[in-house]
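Subject: A structure for you, with notes

Hi there,

Here is the structure I promised to pass on. Have a look at it first, and then read my notes below.

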Amino acid sequence: LLSCQTKTSDVTEITLEPTKIGIEVADDGTEIDLIAGDLSTNDIWRNYIKAHNDGDLDKIREMDSENIKVWAPTGEYIDGVDAHIEFLSQWFKDASPRWEINYLIANELTDQEGVRKQWVTSGNDITLTIEDNEVKAVQVIDALISNGKVEGFDSYWDLNGKKYREVLYNNGLKNNSSRRILHLFRHIVNYYWRLLWIAINF
């Protein structure tokens, strides 16, 4: 009789190395490996965006870390879940933002202090409705996920093909925010036109 059994001594143990997908460059220039992350973090972020599209502040509060930090390009940031919900409550009323996810990338790294961090990079189309005018932009978000909660994120915007980092969380938006947002968009477009004019003429 032939046996299909394999001797234990003949089995070779294979250790799979993490899949490296890129690097992050620290402030001091140190390169830190980015590896493929836990795909469940993509699901967390997808549900987070859905809660934003639904205007479900209770769900967002539930998914936020108590100490969530949302960084703005200017160095300002929202600190804490209460401040985040307060901002979103007003912003939803003023601009009716809507997101459409284009891609999600789960990635992780171990920082210089030895702390393992799970990130999601999300590419989205975002539409704001401001005084009956639609403003469309492409948005990239880097979000830190920990223990099923959103710990923090920052946001990069692309308007009319020009890269810039838009300030989402600015206390000034709480008063007359619609006009402030429109003014900011116009200012950015005019700024890039001036740069183009200088490049052509000089």
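**Around Asn53**

If its neighbours within four places in sequence are set aside, Asn53 is in contact (heavy atoms within 4.5 Å) with Pro97, Arg98 and Trp99. Before going on, please keep in mind that this is a predicted model, in which local features need pLDDT of at least 70 and side-chain atom pairs count only at pLDDT 80 or more, while totals for chains, interfaces and linings use all residues. Residues are numbered from 1 along each chain as its sequence is written, and side-chain values use heavy atoms, with hydrogens and water left out.

Asn53 belongs to helix H1 (residues 40-53); helices (H or I, at least four residues) and strands (E, at least two) are DSSP runs, numbered from the N terminus. With a relative accessibility of 18%, Asn53 counts as buried, a word that stands for under 20% relative accessible area, with exposed for over 50% and partly exposed in between (1.4 Å probe, protein chains only). Other parts of H1 are buried too, including Thr41, Ile44, Trp45, Tyr48 and His52.

**The chain as a whole**

The protein chain has four helices and nine strands, and along the sequence they follow the pattern β-β-α-α-β-β-α-β-β-β-β-β-α. Of its 202 residues, 38% count as buried. Among contacts between residues at least 6 apart in sequence, 51% join residues at least 24 apart.

How does the span of H1 fit its 14 residues? At 1.5 Å a residue they should span 20 Å, and the end C-alpha atoms are 20 Å apart, which agrees; the expected span is 1.5 Å times one less than the number of residues. Gly55, with a positive phi near 65°, follows H1.

Helix H3 (residues 81-95) passes the same kind of check: its 15 residues should span 21 Å, and its end C-alpha atoms are 20 Å apart, which agrees. The buried residues of H3 are Val81, His84, Ile85, Phe87, Leu88, Trp91, Phe92, Asp94 and Ala95.

**Strands and hairpins**

E5 and E6 run antiparallel and are joined by 12 bridges; two strands pair if DSSP finds at least two bridges between them. In this pairing, Ile101 stands opposite Asn124 in E6. The hairpin of E5 and E6 has five residues between the strands, and Gly114 there takes a positive phi near 85°.

E6 also pairs with E7 in the antiparallel sense, over 13 bridges. Ile130 stands opposite Asn133 in E7, and Trp119 has Leu144 in E7 as its bridge partner. Two residues lie between E6 and E7 in their hairpin, where Glu131 in the turn has a positive phi of about 50°.

**Phi values to look at**

Most residues other than glycine have a negative phi. Which way does the phi of Ser96 go, positive or negative? Ser96 has a positive phi of about 45° although it is not a glycine. Ser96 sits in the loop between H3 and E5 and counts as partly exposed, at 37% relative accessibility.

Asn147 is not a glycine either, and has a positive phi of about 55°. Asn147 lies in the loop between E7 and E8 and, at 80% relative accessibility, counts as exposed.

**The largest pocket**

The largest pocket has a volume of about 800 Å³. On a 1 Å grid over the protein atoms alone, a pocket is an open set of points where a 1.4 Å probe fits, with protein on both sides within 12 Å along at least five of seven lines. Grid points are joined across faces, edges and corners, and the volume is the space filled by probe spheres set on the points.

The pocket is lined by 26 residues (those with an atom within 4 Å of a point), of which Glu24, Leu109, Trp119, Asp142 and Asp154 lie nearest its centre. Among the elements that give two or more residues to this lining are strand E1 (20-25), strand E5 (98-110), strand E6 (116-130) and strand E8 (149-159). The largest share, five residues, comes from E8.

The lining divides into 12 nonpolar, five polar and nine charged residues. Here Ala, Val, Leu, Ile, Met, Phe, Trp, Tyr, Cys and Pro count as nonpolar, Asp, Glu, Lys and Arg as charged, and the others, Gly among them, as polar.

Enjoy exploring it!
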